[in-house]
Amino acid sequence: MRAIRIAGVVAAIGLVLGAGLGLAACGGSTPTAQPSKDKGNGKLEIWADPKRTAALKPFADQFGKDNGVTVTVKEIAENLQQTFVTASQQGSGPDIVIGAHDWIGNLVQNGSIDPVNLTSAQKSAFEPSALKAVTFNGQVYGAPYAMENLALIRNTELVPNAPATIEDLVKAAQDLKAAGKVSEIMCLQVGAAGDAYHIYPFFASAGGSLFGTTSSGDPDPKTVNVGSSDSVAAFAKLKELGEKGLGALKTSIGSENSISTFAGKKCAFLVSGPWATKDVKTAGIKYDISPLPGFAGGKKATPFLGVQAFYVASKAKSKALAQEFVANYVTNKDVAKALYDADPRPPALTAAIDVVKGSDPDLVKFLNAGKDGFPMPAIPEMSAIWGPFGNAEVAVVKGEDPATAAAAAQTAILAALKK
Amino acid sequence: MNRGVAVSYLVTRIATLGISAAILLYAVPPLVRTGSWTALAILLAAAAGIGYLYLTKRHVPAKYLVPGTILLLTFQVLPVLYTFSVAFTNFGDGHRGTKQDAILAIERESLAEVPGATDYALTVATRDGRVVFLLVNRDTKQVQVGDAEGLSPVDDAEVGLTGKVVRAKGFEILPAGERDADVQALAVPTERGAIKSVGLSRAIEFEAKRKYDVSCDCIIDGANRWTADGDRGYFVDGSGNNLIQGWKVNVGWANFGRVFTDPNVSSNFFETLLWNFVFALASVFVTFVLGMSVALALHSPKMKFKRTYRTLMILPYAMPAFAMLLVWRDMFNTDFGLLNRLFGTHIDWLGSPSGARLGLILVNLWLGFPYMFLLTTGALQAIPRELTEASGIDGASPWQSFRRVTLPLLMVALTPLLISSFAFNFNNFNLVRFVTAGGPYAVDNNLVGKTDLLITYTYRLAFEGGSGQFGFAAAISTFIFIIVATVSAIAFRRTRAQEEVYS
């Protein structure tokens, strides 16, 4: 009896081990038997955020058909950049990833992406500012396909003519407010944590700056200018627009309610980008888009330029195929048009802009508003700016002392940069 | 042994064995493929051990303890140990991979087209099973073959409309996507650099401007050189500037030391710690008091519509907490929020330190009291009504019998849960992150907000300031772990004393 039981145990363990080793042998032998197919295998994997996944699918499939390969587009719902970097490191990442150009610095320092080699003809087909945005340390790191920037969207029923300066804007809005037509001066998202992206054009118009510039004209992470006297003066200007001043900037208007407040006709001016027009159209508001106004006698209000681009993962399993897709397929005019149709953001290809220009007047207006735009710095140090800058913005909007707020932001940024 | 026990014993045995066998079958192939022999050995030993344990009739207590122990090791002990080990490295953005990875990335980044390089039309083909490039000079239409030795002319080749070779004698054209690694690896040497493929239809002559030199352990770019710094995990030049691609190195206790020596961290640590304790204790206290009061009220035999009330009480608990946190944040809005509209006030609730702190505890009260209500309701069922009735007959007032009889018995059952609730609230990241994001900030201190908990403060320090610094975050997490573990240990010790009194 006892012997039988022991035999049973041995047999069962043997079975489990045998099955494991057997599978292991299969798993191990597949790659070695056909070394030619161990990598690549005619598959291309693209990662994108939920907004772009659906838009990409059809023409990814087309590329697959043209080249006789399988293309999969995978949706990464949260934290695409971090997920990509981590997965890439472990060798389980995709061949291509799509993201904003200000990721480039971080992706390069982690060795996650490769430069994309474009011919000079391909390069000159892009809008110069889009190409500049994806250039980092002298190398082109991605194929840009869409651009976006902030502009002033106004309700033309309330305000027929675009204001030339912020002072004009405030004046027009104050009149409307006095007449009881609106309750807010303008809808510019600040929120409880501040929003450096949305306030930057006005900060720049008032003379403020984030970084110094290197000899090559790139932002220089070694000189942080947020606490400089020019920036303090700019914060002082923002304070005048704030809650204790004209009431144009308010922490109660944030990302969650700025567009809906405009759509609800509670304000006549909205500072936002191409992503806002859909809600505004749905609300049935007659609107027009114009460049952001600057302060009277100040500099131009320069919004950040953002570029969406395709990147080739340095640990791609089908790198040649990925390079082919990014360098020779995405740069095709018809593909750019198809992407625009699925997600209407201004294309980065000049030829594609010409194609869609006729059917979409908003596009030209947004492009025009971004004409003097400043490509958002792609250096990794940029991510140290957002939080502290936002806090300083909130402080001055609430009427605190600009010099103290700017100094505190400067300290926090330098602390974050010092590793 | 009766029949029911025998059946359930058999079922659990089969289930345990089945699950462990399934995990084994699932995990072995990838482990073998990556050559992780240590992990494989541990896995096989564990599987053999489980098999032995559940196929014999001996070691009965172990049969019950082993599954829990394995889960404890996998999901509690291992993550803690891993976090602790990460704390000794500089792991983070810019320092994720090995030195070899960093060198490759630097060399790849510096690959530049040779000035005036020829832009070839490329066809990937094989000759005798080896990958070669069939290259057409777009200007002269000359066809060449490039392999690991260099370029050589091809005589009998047909060039198609696209300018690419479509057929060549002795070569087999390779379909797109095949042997990708070989295509990537092929660099046809030339005088100035090497011809490499760009996609599948172009090839260009490149040279790497930066090269790694083993003899000096440095990166050379013309006259510039960056020497490897093994302490920082960077290549650094003479004036201390580093290349951005770094690698992971061990930094010893530096991450732990930084908590005390970096003034930006240490100057705010104790204020944050204090608020963290106040927040966690206040949260547990208010949710428990409200939850228990409601449970006691509904426990009274005189109460009617108990079921309706209970359903209503559970509602906050049943709603998705994430969404509710955002709804609460919006209700606090100065101009558009429900609270100010309801009361006709214009208060910046989350804009003042005390308002934001009270607001957080209020939201936590709303979210958390149903949990306490459920716990207390359960625990109350276990306390015989005879006890309170007896104390009533002995002349105790309802308050006295609650204070002297019901509450102590409740506490015996609930204290462990209150301790775990304290530990949870001590690290209540979501609440602070979504409602106040740590703010408001003092105008002269931009590093730490008035409602920051240690965990949200850590998150910002480690992940939002420049780049993800996992090593440093792991070090602070270790401190938080030690604090929470100490508090919990003391509390449990006191509970045990209490249990001895009442049991």
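A residue counts as buried when its relative accessible area is under 20%. By that rule, 56% of the 419 residues of chain A are buried.

Chain A has 17 helices and 14 strands. Take the contacts between residues at least 6 apart in sequence: 76% of them join residues at least 24 apart. Chain A exposes about 16,500 Å². Carbon and sulfur atoms supply 55% of that area.

How far can the model be trusted here? The average pLDDT of chain A is 84, and 90% of the residues score at least 70. One stretch stands apart. Over residues 1-40 of chain A, the pLDDT is below 50. Beyond near neighbours in sequence, this stretch has 29 contacts in the model. Where pLDDT is low, the predicted coordinates should not be read in detail.

Now look at where chain A meets chain B. The contact takes 79 residues from chain A and 69 residues from chain B. Between the two chains, an area of about 5,700 Å² is buried. Carbon and sulfur atoms give 55% of that buried area.

Charged pairs also span this interface. Side chains of opposite charge can pair when their charged atoms come close. Five salt bridges are found across the interface of chain A and chain B. One salt bridge pairs A:Lys250 with B:Asp335, with the closest N and O atoms 3.2 Å apart. A:Lys250 sits in the loop between helix 9 (229-241) and helix 10 (258-263) of chain A. B:Asp335 sits in the loop between helix 9 (321-331) and helix 10 (338-343) of chain B, so the pair joins two chains. A:Lys250 has a relative accessible area of 15%, so this residue is buried. B:Asp335 is partly exposed, at 22%. A:Asp114, A:Lys319 and B:Arg108 form one network, joined by salt bridges that share partners. B:Asp101 and A:Lys315 also meet in a salt bridge, at 3.9 Å from N to O.

Over all chains, the count comes to 27 salt bridges. Some pairs lie within a single chain. In chain A, the side chains of A:Lys171 and A:Asp175 meet at 3.3 Å, N to O. Why can these two be placed along one helix? A:Lys171 and A:Asp175 are four residues apart in helix 7 (residues 166-178) of chain A, so about one helical turn separates them. A:Asp175 is partly exposed, with a relative accessible area of 43%. In chain B, B:Asp452 and B:Arg460 form a salt bridge of 2.7 Å, N to O. Both B:Asp452 and B:Arg460 are buried.

The last stop is on the surface of chain B. Here B:Phe305, B:Tyr309, B:Leu312, B:Leu315 and B:Met319 make a nonpolar surface patch of about 500 Å². B:Phe305 lies in the loop between helix 7 (263-299) and helix 8 (306-318) of chain B. Is B:Phe305 buried or exposed? Its relative accessible area is 62%, so B:Phe305 is exposed.

Methods:
Residues are numbered from 1 along each chain as its sequence is written. Chains are lettered from A and ligands numbered from 1 in the order in which they are written. This is a predicted model: local features need pLDDT of at least 70, side-chain atom pairs count only at pLDDT 80 or more; totals for chains, interfaces and linings use all residues. Side-chain values use heavy atoms; hydrogens and water are left out. Patches are made of residues with over 30% relative accessible area and no salt bridge: like charges are joined within 9 Å, nonpolar side chains (Val, Leu, Ile, Met, Phe, Trp, Tyr) within 5 Å. Accessible areas come from the Shrake-Rupley method with a 1.4 Å probe; for residues, only the protein chains shown count as cover. A salt bridge is a side-chain nitrogen of Lys or Arg within 4 Å of a carboxyl oxygen of Asp or Glu. Buried means under 20% relative accessible area, exposed over 50%, partly exposed in between (1.4 Å probe, protein chains only). pLDDT is the predictor's confidence in each residue, from 0 to 100. Contact means heavy atoms within 4.5 Å. Buried area is the accessible area (1.4 Å probe) that two parts lose on being put together, summed over both.
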